[in-house]
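This note sets out several points on the structure for a reader who is new to such models. Please keep the sequence and the structure in view while reading.

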Amino acid sequence: MLALRHPNLYGQVATLAGYFTIDDPDGIFGDDPAVESAYNPTDLIALAPRVRWLLIEATNDDLELTAHASESYATLLRAHGATVELRRTPAITTTPGRRHSCPPSLSSWPPVGSPAEIRPLICAGGGRRAR
């Protein structure tokens, strides 16, 4: 979302377990369609080709809000001319009864160049720290 609102600052996006809709049960947007649209990833899709995308999702995600959301959003991104890589990975279990779709690191996804580059993230205790 941040990269779509500021594509001049971000050259790449990596998402872990997609969630590409507005879910506003507390009315933070004040029921104002213009404000919601300004923060809705689907409404901002025209800016997507300016950013390179990595969408990661768990193959066994069964949560209603996120199951296959990355697949759907990848299709939408491609339809608007964005460069997209979709990765499906088994969920990593770190706590009994709780699944995480986060891979050990994103270090295999190379940066496109400074200053809009992605640094590998720490997830589930793995990966390298951003400098």
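1. The first point concerns a pair of charged side chains. Arg88 and Glu57 form a salt bridge, and their closest N and O atoms are 3.8 Å apart. Glu57 belongs to strand β2 (residues 52–58) and Arg88 to strand β3 (residues 83–89), so this pair ties together parts that are 31 residues apart in sequence. It should be kept in mind that the model is predicted.

2. The two partners differ in their surroundings. With a relative accessibility of 3%, Glu57 counts as buried, because buried means under 20% relative accessible area. Arg88 has a relative accessibility of 48% and therefore counts as partly exposed, since exposed requires a value over 50%.

3. Arg88 has a further partner. Glu71 also forms a salt bridge with Arg88, the closest N and O atoms being 3.5 Å apart. Glu71 is located in helix α3 (residues 69–79) and Arg88 in strand β3, so this contact ties together parts that are 17 residues apart in sequence. Glu71 is partly exposed, at a relative accessible area of 26%.

4. How many salt bridges does the structure hold? The total is 3 salt bridges. One of them joins the side chains of Glu85 and Arg87, with an N to O distance of 2.6 Å. Glu85 is partly exposed, with 29% relative accessible area, and Arg87 is likewise partly exposed, at 23% relative accessibility. Through shared partners, salt bridges join Glu57, Glu71 and Arg88 into one network.

5. The next point is the sheet. Three strands form an open sheet in the order β1-β2-β3, and their pairing is parallel. Strands β1 and β3 are the edge strands, as each of them pairs on one side only. From one strand to the next, the twist averages 10°. As background, the strands of a sheet pair through backbone hydrogen bonds, and the pairing may be parallel or antiparallel.

6. Leu55 stands opposite Leu86, a residue of β3.

7. Which residues lie nearest the centre of the largest pocket? They are Met1, Leu2, Ala3, Val13 and Thr15, out of 18 residues that line the pocket. The elements that give two or more residues to this lining are α1 (2–5) and β1 (12–16).

8. The volume of the largest pocket is about 260 Å³. Its lining divides into 14 nonpolar residues and 4 polar residues, with no charged residues.

9. The last point places these features in the whole chain. The protein chain has 3 helices and 5 strands, and from the N terminus on its elements run α-β-α-β-α-β-β-β. Of the 131 residues in the protein chain, 32% are buried; Glu57, discussed above, counts as buried.

Definitions and conventions. Residues are numbered from 1 along each chain as its sequence is written. This is a predicted model: local features need pLDDT of at least 70, side-chain atom pairs count only at pLDDT 80 or more; totals for chains, interfaces and linings use all residues. Side-chain values use heavy atoms; hydrogens and water are left out. On a 1 Å grid over the protein atoms alone, a cavity is a set of points where a 1.4 Å probe fits but cannot get out, and a pocket is an open set with protein on both sides within 12 Å along at least five of seven lines; lining residues have an atom within 4 Å of a point. Grid points are joined across faces, edges and corners, and a volume is the space filled by probe spheres set on the points. Helices (H or I, at least four residues) and strands (E, at least two) are DSSP runs, numbered from the N terminus. Ala, Val, Leu, Ile, Met, Phe, Trp, Tyr, Cys and Pro count as nonpolar, Asp, Glu, Lys and Arg as charged, and the others, Gly among them, as polar. A salt bridge is a side-chain nitrogen of Lys or Arg within 4 Å of a carboxyl oxygen of Asp or Glu. Buried means under 20% relative accessible area, exposed over 50%, partly exposed in between (1.4 Å probe, protein chains only). Two strands pair if DSSP finds at least two bridges between them. Axes are lines fitted to C-alpha atoms, for helices over the stretch in contact, and angles run from 0 to 180 degrees between N-to-C directions.
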